Amino acid sequence: MTYLAPIMALAGVIVGGCLSIMMTLTVERKREHWNLAREWRERKLQAYGTYLADVKRLRDLAERVAASVGLDDQAPPLGRDAGLEQMAEANMARSVSFETVNLVGGRPVVEAGRLLNRAVWRLEWFARGLLDDSDREGWIHAFRSYHAAINVFTECSRLDVDVSGEFSPRVTEPSPRVQYESDRAGRDSATVHPD
């Protein structure tokens, strides 16, 4: 019996040590997994933000060139000749940043990115004159499609990186000129003219 007590104590120390090591390894593994997930979220957020900035730059250039041919009345005009090279560079940047999205993004994000690519290309094609650059209604429809596509991409991206809070979608705002003319027509009709 005298030998049993020290053996039991030694067995308790050994079992306790093993349990301690197992718990430490489990906690370290979970911490490493959490750190890796956080790092991937940060990389995804960076990739999505860069891609959106590149898409918006291409959209802005297309909008400015479209303004020079009368399709858009909100953007400051940029001549087609001057804008073609800038749009080509912006499209290359968008293409490169989309490859990063394709690498790190989940399927819904990548599919939403492809939809957004098609929408911004349509605007670019209007600006380049590859589509009927006198079709103002077509331009407006393409711009609405762009807004819908960028909203889908943004929402999918937010879900992928687990951003909290409610998403506020972009909408196509009426042109200041249209708003002014509408307000002016309302004022003119409300004015009573003396006979």
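**Notebook: helices, core and charges**

I looked up R59 first, and at 13% relative accessibility R59 counts as buried. The scale I use calls a residue buried under 20% relative accessible area, exposed over 50% and partly exposed in between, with a 1.4 Å probe and protein chains only.

I note that this is a predicted model, in which local features need pLDDT of at least 70 and side-chain atom pairs count only at pLDDT 80 or more, while totals for chains, interfaces and linings use all residues. Residues are numbered from 1 along each chain as its sequence is written, and side-chain values use heavy atoms, with hydrogens and water left out.

**Entry: R59 and its partners**

Next I asked which residue R59 meets in a salt bridge. I found D60, at 2.4 Å from N to O. A salt bridge here is a side-chain nitrogen of Lys or Arg within 4 Å of a carboxyl oxygen of Asp or Glu. D60 is partly exposed, with a relative accessible area of 33%. By this rule I get seven salt bridges.

I went to R43. Its salt-bridge partner is E39, and the closest N and O atoms are 2.8 Å apart. R43 and E39 both lie in helix 1, four residues apart, which is about one turn of the helix. For helices I use DSSP runs (H or I, at least four residues; strands are E, at least two), numbered from the N terminus. R43 is partly exposed at 47% relative accessible area. E39 is partly exposed too, at 35%.

Then I checked R107. R107 forms a salt bridge with E111, with 2.9 Å between the closest N and O atoms. R107 and E111 are four residues apart in helix 3, so about one helical turn separates them. How exposed is R107? I read a relative accessible area of 65%, so R107 is exposed. E111 is partly exposed at 40%. Back at R59, I see that salt bridges with shared partners join R59, D60 and E63 into one network.

**Entry: the nonpolar core**

I turned to the largest nonpolar core, which has 35 residues. Such a core is a set of buried Ala, Val, Leu, Ile, Met, Phe, Trp, Tyr and Cys residues joined through side-chain atoms within 4.5 Å. Which members touch the most other members? They are Y48, L116, Y146 and F153. The elements giving two or more residues to this core are helix 1 (4-68), helix 2 (80-104), helix 3 (107-128) and helix 4 (136-160). Helix 1 gives the most, with 10 residues.

Contact means heavy atoms within 4.5 Å.

**Entry: helix 2 against helix 3**

Two packed helices are described by the angle between their axes and the distance between the axes. I looked up both values. The axes of helix 2 and helix 3 come within 11 Å and cross at roughly 175°. That makes helix 2 roughly antiparallel to helix 3. Axes are lines fitted to C-alpha atoms, for helices over the stretch in contact, and angles run from 0 to 180 degrees between N-to-C directions. Angles under 35 degrees count as roughly parallel, over 145 as roughly antiparallel, 65 to 115 as roughly perpendicular and the rest as oblique.

I then listed some of the residues that meet. From helix 2 they include R80, L84, M87 and F98. From helix 3 they include V109, V120, W121 and F126. The contact divides into 11 nonpolar, four polar and five charged residues. Ala, Val, Leu, Ile, Met, Phe, Trp, Tyr, Cys and Pro count as nonpolar, Asp, Glu, Lys and Arg as charged, and the others, Gly among them, as polar.

**Entry: single residues**

H147 lies in helix 4. Is H147 buried or exposed? I find H147 buried, at 10% relative accessible area. Beyond its neighbours within four places in sequence, H147 is in contact with R170, V171 and T172.

Q86 is in helix 2 and is partly exposed at 30%. With neighbours within four places set aside, Q86 is in contact with R57, L61 and L78.

Last, I checked D162. Most residues other than glycine have a negative phi, and most peptide bonds are trans. D162 has a positive phi of about 60° although it is not a glycine. D162 lies in the loop between helix 4 and helix 5 (176-190). D162 is exposed, at 65%. G12 is in helix 1.
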